[in-house]
Amino acid sequence: KKYTVLIPAAGSGSRMGAGFNKLFLELVDKPILIHTLEVFENDPSCEGMILSVKEEERLDISRMIAQFGITKVKMLVEGGAERQQSVAACIHAHPSNGIILVHDAARPFIRHEVIRQLVETADVQGAAIAGVRVKDTMKTASDTIVEGTIDRSTLWSIQTPQAFRYEVLKEASDKAEADGFLGTDESMIVERLGFPVHIVESAYDNVKMTTKEDLLFGEVLLKHRRQ
Ligand code: CTP
Ligand code: MG
């Protein structure tokens with residue numbers, strides 16, 4: 001089953017503290033952004049990628065895409081102040097009736113098998129997201145005083161990709177915009193429709209490059225995979 005992937009890349013990487021968009025940081029031999037794009041470049045089921053970028057980074061990113069031989073990027077659209085707006089810009093740029101994935105540019109280690117399962121589940125069910133079971137004991141607290149402990153067996157830590165039939169994602173995105181609702185992932189805006197979202201069990205190594213420690217983990221993982 002074919003799909004198109006929307007890739008928000010218009011962040012500023014403030015928690016990484018590099019002083020510029022973290023997606024330009026090199027992991028072993030290539031920028032983080034390129035590692036992520038290569039996953040989809042090398043997946044025969046991926047028909048195209050649409051990236052949202054900061055206007056001032058458009059030229060550098062399009063050069064980088066050409067330099068590393070990435071051929072499936074169909075469009076660079078202008079991102080927004082919030083991640084959800086950057087994704088909405090991609091949705092508007094790509095009317096479709098197929099399967100759409102949304103994937104953070106900052107998650108270069110996503111596995112093909114997880115993508116395949118997400119696409120298959122979204123095709124049948126309409127909405128599927130990647131996640132892993134939480135490993136730690138989870139508590140709620142008021143300030144730093146424990147209120148209680150949440151049954152861990154009900155908790156998932158959610159990642160991207162998140163996969164949808166286009167019309168489901170489009171309706172969710174339009175409604176969120178009309179209501180002024182801002183979510184931290186696409187699933188949140190789809191959940192608001194009352195539409196069931198399915199979790200596909202992913203891998204713990206699908207980490208988002210967010211802080212400095214993530215880069216260390218990323219380098220080790222990349223070297224390990226190449227052995
Ligand atoms: N993103 C985006 N537009 C925004 C904010 C984020 O396209 N306005 C993208 C980022 O480029 C990243 C993905 O969304 O690929 C996940 O966001 P996150 O990891 O939070 O990246 P940043 O927002 O760049 O980092 P930070 O929150 O630390 O500033
Ligand atoms: Mg952010």
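**Close-up views of a predicted model**

**Figure 1. Helices α3 and α5 come within 11 Å of each other, axis to axis.** In this predicted model, helix α3 covers residues 83-93 and helix α5 covers residues 166-179, and their axes cross at roughly 130°. That angle is why α3 counts as oblique to α5. The crossing has a left-handed sense. On the α3 side, the touching residues are Gln-84, Ala-88, Ile-91 and His-92. Helix α5 answers with Tyr-166, Leu-169, Lys-170, Ser-173, Asp-174, Ala-176 and Glu-177. Sort the residues of this α3 and α5 contact by class and you get five nonpolar, three polar and three charged.

**Figure 2. Helices α1 and α2 also pair up, with axes that come within 11 Å.** Here we're looking at residues 32-41 (α1) and residues 58-67 (α2), crossing at roughly 55°. With that angle, α1 is oblique to α2. This crossing is right-handed. Which residues of α1 and α2 meet? From α1 it's Leu-33, Ile-34 and Leu-37, and from α2 it's Ile-61, Met-64 and Ile-65. As for the class make-up of the α1 and α2 contact, there are six nonpolar residues, with no polar and no charged ones.

**Figure 3. Ligand 1 sits among 19 surrounding residues.** The closest of them are Gly-13, Ser-14, Arg-15, Ser-86 and Lys-208. Zoom in on Gly-13 and you'll find one of its polar backbone atoms 2.7 Å from an oxygen atom of the ligand. Over at Ser-86, the side chain takes part: an N or O atom there lies 2.7 Å from a nitrogen atom of ligand 1. Ala-106 uses its backbone, with a polar atom 3.4 Å from an oxygen atom of ligand 1.

**Figure 4. A cis peptide bond links Thr-160 to Pro-161.** What is omega for this bond? The model puts it near 10°. As for where to look, Pro-161 belongs to strand β10, which spans residues 156-165.

**Figure 5. Val-28 has a positive phi, even though it isn't a glycine.** The value comes out at about 60°. To find Val-28, go to the loop between β2 (26-27) and β3 (30-31).

Note on methods: Residues are numbered from 1 along each chain as its sequence is written. Chains are lettered from A and ligands numbered from 1 in the order in which they are written. This is a predicted model: local features need pLDDT of at least 70, side-chain atom pairs count only at pLDDT 80 or more; totals for chains, interfaces and linings use all residues. Side-chain values use heavy atoms; hydrogens and water are left out. Axes are lines fitted to C-alpha atoms, for helices over the stretch in contact, and angles run from 0 to 180 degrees between N-to-C directions. Helices (H or I, at least four residues) and strands (E, at least two) are DSSP runs, numbered from the N terminus. Angles under 35 degrees count as roughly parallel, over 145 as roughly antiparallel, 65 to 115 as roughly perpendicular and the rest as oblique. A crossing is left-handed if the near helix is turned anticlockwise from the far one by less than a right angle, and right-handed if clockwise. Contact means heavy atoms within 4.5 Å. Ala, Val, Leu, Ile, Met, Phe, Trp, Tyr, Cys and Pro count as nonpolar, Asp, Glu, Lys and Arg as charged, and the others, Gly among them, as polar. A residue is near a molecule or strand if one of its heavy atoms lies within 4 Å of it. A polar contact is a pair of N or O atoms within 3.5 Å; within protein, one must be able to donate a hydrogen and the other to accept it, and residues adjacent in sequence count only if both atoms are side-chain atoms.
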